[in-house]
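Good morning, colleagues. Please keep the display in view as I speak.

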Amino acid sequence: MDPYTFDKTAAWMERAAKVIPGGIYGHFGPAPYVPVSAYPFFSDRAEGAYFWDVDGNRFIDYMCAYGPMIQGYRNPVVDAAYRAQMEKCDANSVCAPVMVELAEYLTDLIPAADWAFFAKNGADVTNLAVMTARAATGRKKIVAVKGGYHGTSPWMQGSGHHGVIEEDTANIIRIPWNDVEALERVVADNLGQVAGFISSPCHHPIFTDNELPAPHYWERVEALLRANGIVFIIDDVRAGFRLHMGGSCEHYGFRPDLICFCKAIGNGYPISALVGGDALRGDVSKVFHTGSYWYGAGPMAAALANLQELRRINGPRLLRETGELLAAGMVDAARSNGFDLRISGEPSMLYARITDDPTLEMQQRWCGECARRGVFLTSHHNWFVSTAHTRKDIEDTVAVCDEAFKAVRAFYGSGV
Ligand SMILES: Cc1ncc(COP(=O)(O)O)c(C=O)c1O
């Protein structure tokens with residue numbers, strides 16, 4: 001097969017650059033894609049595990065809209081529920097009952113949840129979680145993990161980032177992942193001042209290996225936070241419903257006070273949720289937090305159907321098996337071409353990296369060669385699998401990876 005070309009993508013990029021600052025902004029922008037000429041930037045349509053770009057190229061998609069697509073694009077069950085609700089009402093002047101039904105479902109599904117609150121984006125609920133921690137404790141400081149991402153609000157970004165002032169991050173203390181001693185030190189040095197600790201359940205930074213919690217890590221963190229009256233916030237925006245239907249904390253065996261969900265909850269329909277226990281019910285209800293589209297009923301109906309279906313098919317187990325198959329196939333393809341591919345993180349959202357490639361140059365070239373052959377991966381971010389990825393998709397993907405490794409070897413010659 002001849003590698004794909006991206007002429008129409010290039011034409012759309014040119015048009016975009018004239019009317020949209022930066023052409024394409026944020027994580028969809030061209031910045032992390034090297035070589036840029038090997039990637040599509042505009043999609044025409046999507047179905048199941050695939051999308052087709054404006055040049056008509058088909059991709060087996062392992063970015064899954066960066067996490068939301070967990071059961072395949074245009075999933076018939078989820079889309080039917082969405083359409084049925086849209087026939088009745090969506091944005092409205094009052095709430096639709098499906099909001100209560102979804103909250104009831106989540107509080108049944110998630111052991112840590114006695115209530116649920118809905119918004120649109122991940123940052124809406126990570127913000128609400130932090131505001132709730134501050135409201136509940138009357139304290140200012142928030143401890144977070146270095147390299148942990150919680151959205152783009154100023155407090156979530158590093159000082160020195162454009163548009164962020166020192167005061168925005170003055171009360172945020174970052175500690176290394178898996179470092180209970182560092183957390184103990186921060187708590188001792190800031191006695192009675194720490195409102196909350198926010199972290200993803202497993203560590204999924206970009207441009208570097210992902211990490212799982214060390215044995216007893218969460219148990220020790222939970223005990224320390226409880227002993228000091230610090231609100232325990234889990235940011236499950238990316239991992240939520242991939243590891244366990246009851247929240248990733250159930251997979252690892254601990255119990256936070258608040259859990260933030262987004263991404264996979266609605267299989268692509270825009271909705272996020274903060275859930276929590278009774279102890280914070282009064283505090284969260286006093287925090288003023290709302291948005292123009294936060295009551296949209298269509299995405300709520302989609303989320304309800306999506307979660308019911310994921311639970312019915314045991315989505316987390318399926319995703320793990322698919323991820324393990326993908327990882328094993330890719331590692332073999334790498335080895336047979338003389339490369340060492342290191343896999344890290346959870347199988348359903350694994351991070352892969354060619355070792356002995358500190359600048360990621362080879363990794364970027366390899367991901368680009370995969371994209372030019374119909375497998376969409378990025379070189380800097382964890383990938384995602386969905387329940388729509390079949391064994392045949394994985395076999396086809398591994399065959400493409402093999403060809404891509406051969407192309408990388410041909411590019412670098414025997415010097416690799
Ligand atoms: C772990 C985590 N938290 C929060 C967010 C922010 O979500 P959003 O971009 O929907 O605001 C993201 C987005 O990638 C995320 O991965």
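Predicted model: local features only at pLDDT ≥ 70, side-chain atom pairs only at ≥ 80, totals over all residues.

**The cavity**

By the rule I use here, the count comes to one cavity of 30 Å³ or more. The rule works on a 1 Å grid over the protein atoms alone, where a cavity is a set of points at which a 1.4 Å probe fits but cannot get out, and lining residues have an atom within 4 Å of a point. Grid points are joined across faces, edges and corners, and a volume is the space filled by probe spheres set on the points. Residues are numbered from 1 along each chain as its sequence is written, and side-chain values use heavy atoms, with hydrogens and water left out.

The largest cavity holds about 30 Å³ of space. Its lining is formed by Arg139, Val187, Asn190, Leu191, Gly192, Val194, Asn228 and Ile230. By class, that lining has four nonpolar, three polar and one charged residues. In this scheme Ala, Val, Leu, Ile, Met, Phe, Trp, Tyr, Cys and Pro count as nonpolar, Asp, Glu, Lys and Arg as charged, and the others, Gly among them, as polar.

**Two domains**

How is the protein divided? There is domain 1, 7-61 + 315-415, and domain 2, 76-312, with bounds from an automatic or database domain assignment. Their centres, taken over C-alpha atoms, are separated by 28 Å. In contact across the boundary are 19 residues of domain 1 and 18 residues of domain 2, contact meaning heavy atoms within 4.5 Å.

**The seven-stranded sheet**

Seven strands form an open sheet of mixed pairing, in the order E4-E10-E9-E8-E7-E5-E6. Because strand E4 (115-119) and strand E6 (172-175) stand at the edges with a single partner strand each, one side of each is left without a neighbour in the sheet. From one strand to the next, the twist averages 20°. Helices (H or I, at least four residues) and strands (E, at least two) are DSSP runs numbered from the N terminus, and two strands pair if DSSP finds at least two bridges between them.

E4 pairs with strand E10 (residues 272-276) in the antiparallel sense over five bridges, and Trp115 stands opposite Gly276 in E10. Helix H4 (residues 122-137) lies across several strands, including E4 and E10, and runs at about 30° to E10. Axes are lines fitted to C-alpha atoms, for helices over the stretch in contact, and angles run from 0 to 180 degrees between N-to-C directions.

Strand E2 (residues 50-53) and strand E3 (residues 58-61) run antiparallel over three bridges, with Arg58 in E3 as the bridge partner of Trp52.

Strand E11 (residues 341-344) and strand E12 (residues 351-354) are antiparallel and joined by four bridges. In their hairpin, which has six residues between the strands, Gly345 takes a positive phi near 85°.

**Two loop residues**

Which peptide bond is cis? The bond from Val34 to Pro35, with omega near -5°. Pro35 is found in the loop between helix H1 (7-19) and E1. Finally, Arg74, although not a glycine, has a positive phi of about 55°; Arg74 is placed in the loop between E3 and helix H2 (76-88).

Technical notes:
1 Å grid on protein atoms, 1.4 Å probe; cavity = no way out; pocket = protein on both sides within 12 Å on 5 of 7 lines; lining within 4 Å.
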